[in-house]
Amino acid sequence: MPDLAVATDSLADRFTRWCEIVVARLPLGLDRVVPPTFLGFALINSFTFGVDLVLLTLFHGWWNWPVPVSITLAYVCAFGLAFVLNRTFNFHSHAPVGRQAAVYIVVVVINYVAFILGVGSGLTALGLEYHLARLLAGACEALYMYSAMRWIVFRNTTTAA
């Protein structure tokens with residue numbers, strides 16, 4: 001007879017369990033320092049970063065839209081997807097989505113101005129190829145966004161008994 005707990009596991013639960021298993025096998029004591037949500041964030045945001053780059057290439061590379069417009073539209077689409085995937089699969093949040101979305105928008109606006117426009121467009125304006133500029137901006141934003149999502153947007157407000 002099948003185990004009902006396993007049968008009712010959601011895809012999000014299986015994703016989290018897989019992240020926990022992978023992190024538990026990290027060498028050199030990294031399993032004690034790297035939280036499973038960091039791996040989940042890295043996987044989800046790597047995927048949505050790929051979506052961002054594909055859209056940037058479509059908007060600027062194929063349709064010849066200006067770089068700032070292309071970066072902005074690709075960014076908004078990718079970060080909307082990242083919010084939904086991280087909320088569901090990585091942080092398993094059941095808090096009201098409206099408040100979280102509002103906080104997330106503030107976090108994303110700060111990220112956008114500081115890293116995307118500041119670093120991404122700035123490096124492009126200095127002559128760096130726009131894909132490479134976006135990759136460098138992405139490295140900066142990854143650290144900021146994980147921290148903001150873990151400790152601000154999707155923070156656990158329940159107290160342990």
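**Where helix 2 meets helix 3**

Author: In helix 2, Phe 15, Trp 18, Cys 19, Glu 20, Val 22 and Val 23 meet Pro 36, Leu 39, Gly 40, Leu 43 and Ile 44 of helix 3, where contact means heavy atoms within 4.5 Å. Sorted by class, this contact has 9 nonpolar, 1 polar and 1 charged residues; Ala, Val, Leu, Ile, Met, Phe, Trp, Tyr, Cys and Pro count as nonpolar, Asp, Glu, Lys and Arg as charged, and the others, Gly among them, as polar. An α-helix has 3.6 residues a turn, so residues three or four places apart point the same way.

This is a predicted model, in which local features need pLDDT of at least 70 and side-chain atom pairs count only at pLDDT 80 or more, while totals for chains, interfaces and linings use all residues. Residues are numbered from 1 along each chain as its sequence is written, and side-chain values use heavy atoms, with hydrogens and water left out.

The axes of helix 2 and helix 3 lie 8 Å apart, and the two helices pack at an angle of about 115 degrees. Helix 2 is therefore roughly perpendicular to helix 3. Axes here are lines fitted to C-alpha atoms, for helices over the stretch in contact, and angles run from 0 to 180 degrees between N-to-C directions; those under 35 degrees count as roughly parallel, over 145 as roughly antiparallel, 65 to 115 as roughly perpendicular and the rest as oblique. The crossing of helix 2 past helix 3 is right-handed, a word used if the near helix is turned clockwise from the far one by less than a right angle, with left-handed for anticlockwise.

Helix 3 (residues 36–62) has 27 residues, which at 1.5 Å a residue should span 39 Å, and its end C-alpha atoms, 38 Å apart, agree with that; the expected span is 1.5 Å times one less than the number of residues. Just after helix 3, Asn 64 takes a positive phi of about 60 degrees. Helix 3 also meets helix 4: their axes come within 8 Å and cross at roughly 150 degrees. These two helices are therefore roughly antiparallel to each other, and their contact has 19 nonpolar, 8 polar and 1 charged residues.

In the whole protein chain there are 6 helices and 0 strands, taken as DSSP runs numbered from the N terminus (helices are H or I, at least four residues; strands are E, at least two). Confidence is highest in helix 2 (residues 11–24), at a mean pLDDT of 96, and lowest in helix 1 (residues 4–7), at 50, pLDDT being the predictor's confidence in each residue, from 0 to 100. Where pLDDT is low, the predicted coordinates should not be read in detail.
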